[in-house]
Amino acid sequence: MSEHEGTPAAPDTTSRIGRRRLLRAGLGAGGAVAAVRLLPGQAWAAGPSTGASASGPAAAVAPLAAPAAAQPWPDWARHARLADGTFNELADMQATVDTLKAQNVSVIELDTILSDWHTDAEFAAHMDQVKTFTGLAHAAGLKVVMYYPSLEVISPGGENGPSFYKNDQGGAWVQRSLDGKPNVFYGSLVVWLNPGDESVWVSPNSPWRDYYLNRIKLLAATGVDAIWPDVPIYFDGVLSWCDASTWGVAAFKADTGLDLPKAADYGDPVFRRYVEWRHRNLNQWQLDIAAAARSVNPAVVIFSETVSMDYRYATSIGLDGAYLRQADAGISQVWEVDILGNYDGMRHATASDWICLISMYKYARAASGSRPAWAFSYGWQPDDASLVLSQVIATGCNPYEVKTPYKNAGVDAAMRTRVYGFVRANQERIFDAASLAQVGVYHSSASRDYVSPTEGNGMYVSVTPPAGVTDWWGGGQPAMSCASMPWLGEFRGTVKALVYGHVPFETVTSPGLTAADLARFKVLLLPNLQAVSDAEAAVLRGFVSAGGTVVITGPNPTGMDELGGRRAEFALSDVLGLRRADPLPATGQNAYGAGTCWYVQSLPGRSYLTTTDQASADQLLTPVRQSAPPAVTLAGDRRIFLEARRLGNDTVVHLVNFTNFGDTQADFRTTPANCTLSYALPAGVTVAAVTVATPDGTDPTPKPVPYTVTGSTVSVPLTVVQYSLVTMTVQ
C-alpha cells in the first residue's frame with residue numbers, strides 16, 4: 001500500500017494512509033461494502049459447477065515443492081535496519097540519504113509513485129530517478145529496497161477522469177468476487193484513497209502477470225538491492241472471495257479440474273478447495289516476481305510485504321505467508337505487524353494483547369524459515385515505539401521502524417538512532433544465533449481456515465477502545481477478538497502459557513512440514529489441531545515414534561482432512577490411542593513408539609488467554625516440564641518475555657519487559673523489573689564471562705555484570721528496563 005504522502009498532524013479521514021487500517025480489519029465479509037461505491041459494470045458469473053467431490057482425485061492437493069538448494073543471503077539483508085527514505089523532490093535525495101545514515105539505518109525503503117497508473121514512458125523515466133537515488137545510497141554505504149504494489153493500481157483523479165480501469169486494461173484484468181463484481185472503487189467514499197482517486201485490484205492470473213513482471217525486470221535493472229512487492233492479496237476491503245474473473249476461473253480449473261464455486265459455503269467441498277487454492281495461487285505469483293527480477297539481476301532479492309500473520313486474515317485475502325517458507329533464497333517477506341490503535345499504538349494494550357503481538361512476531365520469524373524476516377515496528381510515542389522495537393529485535397526479525405499509521409515517517413529520530421545503534425553493535429548476537437528452544441507450538445494453516453470459520457480476524461483480544469482513543473483495530477466488535485475463536489484463541493493462549501512460564505519456544509508452521517522441521521524439538525504443542533493432511537500426519541507420527549512428546553487439545557483431534565472435510569477416523573488415532581467411535585476422555589496419555597501423546601479435550605489455551613488460570617496453563621506446561629525442562633530459566637515477573645539462543649560458545653538471552661501491561665487497559669508506563677536469570681551449565685563447562693547490553697541507555701556495548709555459580713548453575717541478578725541482551729560465555 002503506497003503511503004508516501006506527507007504525514008498529517010492529526011488523523012485525516014481523506015488521506016490514502018488510512019487504508020492500512022481497512023486492510024487489517026478484513027471488512028470484505030460485510031462490514032465495508034456499504035461504505036464504498038463500486039464502478040457500475042456488468043456482473044460476471046462462473047459456469048455451472050460440476051459438483052465434483054473435494055475428496056475426489058481432481059480436488060487432491062499436491063504437496064508443496066521440496067525446498068530449493070539453500071543459497072546464502074547477503075549479510076546486509078540478514079542484518080538490515082530499515083526506514084523509509086522517500087524523497088519529495090529530486091533535490092532532496094542526498095539529504096534523505098545523509099539523514100538516514102546518521103540514524104544508523106542500513107537499508108532505505110524507497111516508496112515513490114509506483115502505486116499510480118503510468119505509461120511505459122513515464123515508468124521508464126522514473127526508473128532513471130530510482131537509479132540516481134540508488135547510486136547516492138550506495139556511495140553512502142547504504143542499500144535500497146524499492147516498493148512496488150503487486151496487484152493494485154491507483155489512478156489519481158480517476159473517478160471522474162481517465163483511469164486504468166476505464167481507459168486501459170484494468171477493466172479486463174480486474175479481480176472479481178464470486179458474484180461477479182469488479183474489485184474497483186473510489187476515494188470519494190473510501191477513507192484510504194484521496195477523494196476522486198480510483199483503486200483497482202487486478203488478477204495475477206490475467207495478462208497483468210506479464211505486464212507487471214516486465215516492469216519488475218526494468219526495476220531490477222536500476223541496481224536496487226531489493227524489491228518490495230506490496231501485499232499480493234485478493235483484496236477483501238469491499239468485496240469477498242476474489243478471484244472469480246475469467247482468468248481466475250481458468251486457473252482454478254487448470255489446477256484442480258474443478259469449476260469455481262458459486263458462493264462462499266464452507267459446507268461445499270469445492271469452496272473449501274478454493275480457499276486453499278488461493279494460498280497456492282498467490283504463493284506462485286510471489287515466486288514468479290522473484291524469478292523475473294533475478295533473471296535480470298541475480299543479486300537482487302525480493303521482500304514481499306505480507307499483511308496476514310498468524311490470525312484469520314490470511315483466510316479471507318488468500319495470502320498465507322507460511323507457504324513461502326521453503327522458497328529459494330531469492331525471496332523472503334517484510335511482515336506488516338499491526339498494532340491496536342492507529343493513533344495510540346500499543347499504549348493501552350492489555351497483557352494478553354501484548355501476547356498477541358509476541359505471537360505475531362514469532363510467527364513471522366518462523367514462516368520466513370532460514371531467510372531474513374523483515375518486520376514493521378509501529379509506534380506512537382518514543383517509549384511505546386522502543387518497546388515494540390525491542391520485541392521485534394528479540395524475536396530475530398529485522399526492524400522497519402515507523403510511526404503508526406504512516407509509512408513514511410519514524411516516531412522519533414533520537415529513539416531510532418539509539419535503538420538502531422544497539423542493533424548495529426550487537427547484530428551477530430541478534431540475527432546469527434541459533435535457537436535453544438526444545439519446545440515448538442504448531443500453527444496449522446488448515447485448522448485456521450476450516451475450524452469454526454468466522455467473519456472476524458482475531459488480531460488481538462481487546463476490541464473496545466479505551467476512553468478518548470479513536471480508530472481502534474477491533475471497532476468494538478466482539479467477534480473480532482481472538483478470544484472468541486476456538487482455534488486461534490487456543491493457539492494464542494498456548495503462546496501465553498509458554499511466555500508466562502518463561503519457556504523458550506519456537507512457532508512451527510504447517511505448509512510443507514518435514515521431519516527436519518521437528519528434529520530439534522523434544523515437545524510439540526498442537527493447539528486444537530483438527531485439519532491435517534495424510535503427509536502432515538505422517539510427519540507428526542514419526543516425531544512421536546522417534547521419542548518426541550506431543551500435546552493435542554480440542555474436541556476433534558485430527559478429525560478433518562487438509563481441506564476441512566470430515567475424516568472417518570482421526571488421522572492420528574494410533575498416536576492418540578483414541579478412536580472416533582469411542583467417547584473422548586477429558587484427558588489422556590498414550591505411549592506410541594518411543595514417545596508420548598498427551599490429550600486434553602477442552603481448550604486450556606483459550607481458557608488461559610482469557611482468565612490466566614494456572615490450572616489451564618499446567619495442562620499445557622506439565623508435559624513440557626517433564627520432557628523438556630529448559631536450561632535457561634527466569635525468576636521474576638511472568639510478563640518478562642525470554643528468548644534463548646546459542647552463538648559459538650555464547651548463550652544469548654533476550655529479555656523484554658512488558659510488566660507495564662495488566663489485565664485491563666491502562667495508561668502506558670515503563671516499570672523496571674528485577675529478576676534472576678539462571679543457566680544450567682553442561683558437564684565440564686565453566687563460565688568465562690557474563691555481559692549485558694541494552695538499547696535503554698546511551699552505550700549499546702555489552703558490559704560485564706556480577707554473577708554467582710552454585711554447583712552447575714550460574715545465576716545473574718538483573719534489572720530490565722525495557723530490553724536486555726545477556727551473553728553468557730563458557731569455556
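In what order do the 3 strands of the open sheet that contains β4, β5 and β6 lie? In this predicted model, residues are numbered from 1 along each chain as its sequence is written, local features need pLDDT of at least 70 and side-chain atom pairs count only at pLDDT 80 or more, whereas totals for chains, interfaces and linings use all residues. Side-chain values use heavy atoms, with hydrogens and water left out.

The order of the open sheet is β4-β6-β5, and its pairing is antiparallel; strands here are DSSP runs of E with at least two residues, helices are DSSP runs of H or I with at least four residues, and both are numbered from the N terminus. Its edge strands, each of which pairs on one side only, are β4 (152–155) and β5 (184–186), and the twist from one strand to the next averages 20°, with axes taken as lines fitted to C-alpha atoms and angles running from 0 to 180 degrees between N-to-C directions. Two strands count as paired if DSSP finds at least two bridges between them. Strand β5 is joined in the antiparallel sense to β6 (residues 198–201) by 3 bridges, and V184 has V200 of β6 opposite.

The loop between β6 and α7 (208–220) holds P204. This proline is buried, with a relative accessible area of 0%, where buried means under 20% relative accessible area, exposed over 50% and partly exposed in between, for a 1.4 Å probe and protein chains only. Residues up to four places away in sequence aside, P204 touches L151, R209, Y234, N281, L282 and W285, a contact being heavy atoms within 4.5 Å. Of these, W285 is 81 residues from P204 in sequence, yet the C-alpha to C-alpha separation of the two is 6.7 Å.

Helix α8 (residues 246–256) has G248, V249, A251, F252 and T256 as buried residues. Because these residues cover an arc of only 165° around the axis, they lie on the same side of α8, the arc being that of the directions from the helix axis to the C-beta atoms. An α-helix has 3.6 residues a turn, so residues three or four places apart point the same way. The buried residues of α8 pack against α9 (269–296), and just after α8 the residue G257 takes a positive phi of about 80°.

Antiparallel pairing over 8 bridges links β21 to β20 (residues 640–647), with R646 opposite T651. The two strands form a hairpin with 2 residues between them, and G648 in the turn has a positive phi of about 60°. Strand β21 is also joined by 7 bridges to β27 (residues 723–730), again in the antiparallel sense, and D650 has T729 of β27 as its bridge partner.

S390 is placed in helix α12 (residues 382–394) and is buried, with a relative accessible area of 2%. A polar atom of the S390 side chain lies 2.8 Å from the backbone oxygen of S386.

Key
Polar contact = N/O pair within 3.5 Å; in protein donor to acceptor, adjacent residues only side chain to side chain.
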